Amino acid sequence: MKPIVQDNSPEVSGKSVHDNAEVVELILIDDAADLRGILRRLMERSGLIRVVGEANGAEEASQLINAHEPDVILLDLAMPGGGALELIERLRIERQGMTIIVLSGYPTSTTAHECIERGADRYLEKGKPTSKLISEILEAHSIRKGLL
Amino acid sequence: MPSRQLRDDKRGVSFTWRTRHAIVVSLALLLLPILLTIGARSGVSVMQSSVPILISGLFAVLAASERVTDALRPLLATLSLLTGGALLVWVAGGALVTHLVFIALVTVGTLYHDWLAYLVSVSYIWLFYVILGGADPAAIFAGLATETPYIGVVIAATATICATTGMISWLIADASQQRRTELETALAKAAERQHQAMEIHDNVVQGLATVVYALEAGDEQLANETAGETLENAKDLIGRLLMVEGADLSDLLDRSQPAQEGDEQ
């Protein structure tokens, strides 16, 4: 994690976000390019998260993760060619310190349990306000790092 | 008549039914030369045995004929088989092995899964062993060399148990098949619903999420564009989901309550 260079974030709840004062590096994995782009803008605007890469599928995500070794990956479940659940499972084994957040359009009850079982730290539904997303991401990352 | 499970092709007769019918008719025809041979060796004259053998053969030929209705063919094949079995017992002087073969032939008849053929088989065997056996026991039971009373009833009951077991196993298999079909249908429907849910996710939820975040970012242009695309996608999706053959459109368009355009403040 890198020191924060600016903090013009929207209100983000929880003590971990501002108190830890570090930028979380994140890779966004979603096949919807517009959604990736807008999420990237919103997250980077907070100054708490830096998006170091974007991928539209599991294979591309693996390459980016190896290249950047991000703190967090934020991934959708539905991807071209599938493989999201397998990616979660593999990353949880290979990268214990990495925070894995699922951001999905599927209702929580049907798929969240499966994702958590496979090793995801959080399961978030698309459409939540960005401040809430960022808060959840940072909180999950802090827990993963043993900071809370 | 053959069961629903066996008669499911366009003509009402399945490949499975035809195969089983071919087996039963072949077996009935195969019995004819065997009967002649055993009869000749046992000293039964050709004149004595020819009439019942011809009757058995006639049943088999009629059963094999495509001109006979499919409902009658199992019955004719069963009658041929049973007559052949009864003749076998008679020409062999009631030898033990022929009784066993007769019981086996009765069981083979249940391959049709046909209640009428089953009832005819059971009636035939009771008639043969109890009525004819009672009238002329020497002709049917001499080869058994037993003084057991009611031997005809014992054999008829044994054959009935074998045939009934065959029918019960069919009923169980039929119920299992029906259950399997129901499960497969339910699974196919579930898969279809999942596919539709995926389409709604890909075409609508993704678009709406983009609109929400674009509005939050103040990017009205992206929000408007995405909202328009999502609307088109939703209409297209609804159009495809409504295209169900035989659906009554007037029923679909009859709302139980007005459409909700959002919570009114």
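Reader: What is the mean pLDDT of chain A?

Author: pLDDT is the predictor's confidence in each residue, from 0 to 100. In chain A, 83% of the residues reach 70 or more, and the mean is 84.

Reader: Which element of chain A has the lowest confidence, and which the highest?

Author: Elements here are DSSP runs numbered from the N terminus, with helices being H or I of at least four residues and strands E of at least two. Strand β1 (residues 2-3) of chain A is lowest, at a mean of 44, and the highest, at 96, is strand β4 (residues 72-75) of chain A.

Reader: Over which residues of chain A does pLDDT stay under 50?

Author: Where pLDDT is low, the predicted coordinates should not be read in detail. Two residues are in contact if their C-beta atoms, placed from the backbone, lie within 7 Å. The model has 36 contacts beyond four places in sequence for the stretch in question, which is residues 2-18 of chain A.

Reader: What pattern do the elements of chain A follow?

Author: Chain A has 6 helices and 6 strands. Read along the sequence, their pattern is β-α-β-α-β-α-β-α-β-α-β-α.

Reader: How many helices and strands are there in chain B?

Author: From the N terminus on, the elements of chain B run α-α-α-α-α-α-α-α-α. The count for chain B is 9 helices and 0 strands.

Reader: What percentage of each chain counts as buried?

Author: A residue is buried if 20 or more other C-beta atoms lie within 10 Å of its own, exposed if 12 or fewer, and partly exposed in between, with C-beta atoms placed from the backbone. For the 148 residues of chain A the share is 44%, and for the 265 residues of chain B it is 29%.

Reader: Is Ser62(A) buried, exposed or partly exposed?

Author: Ser62(A) is found in helix α3 (residues 58-68) of chain A. Its C-alpha atom is separated by 10.0 Å from that of Arg90(A), 28 residues apart along the chain. With 17 other C-beta atoms within 10 Å, Ser62(A) is partly exposed.

Reader: Which element gives the largest share of the side of chain B that touches chain A?

Author: In all, 16 residues of chain B are in contact with 14 residues of chain A. The elements giving two or more residues to that side of chain B are α7 (151-217) and α8 (220-242). By class, that side has 9 nonpolar, 4 polar and 3 charged residues, where Ala, Val, Leu, Ile, Met, Phe, Trp, Tyr, Cys and Pro count as nonpolar, Asp, Glu, Lys and Arg as charged, and the others, Gly among them, as polar. The largest share, 13 residues, comes from α7(B).

Reader: How are α7(B) and α8(B) oriented to each other?

Author: Axes are lines fitted to C-alpha atoms, for helices over the stretch in contact, and angles run from 0 to 180 degrees between N-to-C directions. Angles under 35 degrees count as roughly parallel, over 145 as roughly antiparallel, 65 to 115 as roughly perpendicular and the rest as oblique. These two helices pack at about 165°, with their axes 8 Å apart. α7(B) and α8(B) are therefore roughly antiparallel.

Reader: How many nonpolar, polar and charged residues has the contact of α7(B) with α8(B)?

Author: Residues in α7(B), including Ile200(B), Val204(B) and Leu208(B), meet residues in α8(B), including Ala227(B), Ala234(B) and Leu237(B). The classes come to 12 nonpolar, 7 polar and 2 charged.

Reader: How are α5(B) and α7(B) oriented to each other?

Author: The axes of helix α5 (residues 115-135) of chain B and α7(B) come within 9 Å and cross at roughly 175°. The two helices are therefore roughly antiparallel.

Notes. Residues numbered from 1 in each chain as written. Chains lettered and ligands numbered in written order. Predicted model: local features only at pLDDT ≥ 70, side-chain atom pairs only at ≥ 80, totals over all residues.
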